[in-house]
2 protein chains.
Amino acid sequence: MVLLSGGLDSATVLAMARAQGFAAHALSFRYGQRHATELAAAAEVARALGAVRHAVAEIDLRFVGGSALTSDLAVPKGRSLEAMTAEIPVTYVPARNTIFLSYALAWAESLGAADIFLGVNALDYSGYPDCRPEYIAAFEAMANLATKAGVTGQARFRIHTPLIHLTKAEIITAGRALGVDYGLTRSCYDPAPDGAACGTCDSCLLRQKGFRELGLTDPAPYQPGARGQ
Amino acid sequence: MVLLSGGLDSATVLAMARAQGFAAHALSFRYGQRHATELAAAAEVARALGAVRHAVAEIDLRFVGGSALTSDLAVPKGRSLEAMTAEIPVTYVPARNTIFLSYALAWAESLGAADIFLGVNALDYSGYPDCRPEYIAAFEAMANLATKAGVTGQARFRIHTPLIHLTKAEIITAGRALGVDYGLTRSCYDPAPDGAACGTCDSCLLRQKGFRELGLTDPAPYQPGARGQ
């Protein structure tokens, strides 16, 4: 089970799971104002990296509100790395990774699978509490008490987070070595209608920094004049 | 935040939360083959017990499969209590309470609420792993690491399970003392199209046993000849 957003991190994780010999089932979510661009990217990435199946679960977070990713709050632009990590940003969606991992757990158990891969990152991350190792460990402990497979000993669920201690540049290096085409991936929180990235949201800035540190140009499409701001 | 299925247990929990002085937000789910009867019952119960709001989240578990409640597997009928508790039944839905609690956590955090009520029961229960106290404790620990409110100390999330050590008869006694109209509630796993209960699934049998022990008749509608089997 690989949680696949269509972004750079989860594409790399899918490639890593495949390289470890796993038959990968990829799971994406459609929720609130999530952009179709990302889901189309996820489908292309799943195909390119040889996932057995790519499922999209419809989830209804609109009644939750309170985040720039699911409501009309403005996505912050042009922030420094210091500002990004100083506090939890408005792009935080309450309990998002918990909801995503819960669906992955349900699917994993129904498939007889025990390994769930998630592309969280505690280093170059944007300050989300549900990207930290202590959260992941707590979810894993809970998962093994929550399920028939966990309780009966049929499976020992494991949440794999192979990127958690890597920088964005290290993630890109690892993915390139495994043949990931980052031109297929999309990370922008606020893309244009044609899917082109804004270049200035936290996610674009972190991504561009990674490519820049490696002396590379991000192959994903950006809006005119947006690249490298 | 009260998770409200429209059944006997969650209606009692809503009454208990209200009696403790909480302004209650009730949350129900529409998923797979879940019956419209239950959601209509949940709406009536929420209104009768003075919930501030009743939200229904659409969740998509069909890709998960593997349970009699979301697929075409037959619901077991006429089983003894021993048979019900000897193993985890086919009505088990992988990670269901984990998904439900994750949504409740998201909504609670967005409302600035910290108290989540769930009507699980470890005594007269049907052998589900996600109805046990150790699971609830693990979810609560995870929730406080998963969220902005938990991590910043704005809230200490608590999963309240006031029924966990009660028998069905004790639950009914408590609910009647708080004015719950059990005629509005629906528990059957396999109701007729008009919502009438089958009287023979695990859920009907446990419910009827509770009323019988109190010398009461279950006021919910049953299919002709089904009551008291």
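Two strands count as paired if DSSP finds at least two bridges between them. The legends below apply to a predicted model.

**View 1. Pairing of strands β1 and β2 in chain A.** Strand β1 of chain A, residues 2-3, runs parallel to β2(A), and the two are joined by two bridges. Within this pairing, Leu3(A) has Leu27(A) of β2(A) as its bridge partner. Between β1(A) and β2(A) the chain passes through helix α1 of chain A, residues 8-19.

**View 2. Pairing of strands β2 and β3 in chain A.** Seven bridges in the parallel sense link β2(A) to strand β3 of chain A, residues 53-59.

View 3. Strand β2 of chain A spans residues 25-31, and five of its seven residues are buried. A residue is classed as buried if 20 or more other C-beta atoms lie within 10 Å of its own. Because five of the seven residues are buried, β2(A) is largely enclosed by the rest of the structure.

**View 4. Contact between chains A and B.** Chain A contributes 36 residues to the contact, and chain B contributes 37 residues. On the side of chain A that touches chain B, at least two residues come from each of β3, α4 (96-111), α5 (133-146) and α6 (148-152). Helix α4(A) provides the largest share of this side, nine residues. Sorted by class, the side of chain A that touches chain B comprises 24 nonpolar, six polar and six charged residues.

Technical notes: Residues numbered from 1 in each chain as written. Chains lettered and ligands numbered in written order. Predicted model: local features only at pLDDT ≥ 70, side-chain atom pairs only at ≥ 80, totals over all residues. Buried ≥ 20, exposed ≤ 12 C-beta atoms within 10 Å, placed from the backbone. Helix = DSSP H or I, 4+ residues; strand = E, 2+ residues; numbered from the N terminus. Right-handed = clockwise from strand over helix to strand, strands pointing away. Contact = placed C-beta atoms within 7 Å. Nonpolar A, V, L, I, M, F, W, Y, C, P; charged D, E, K, R; others polar.
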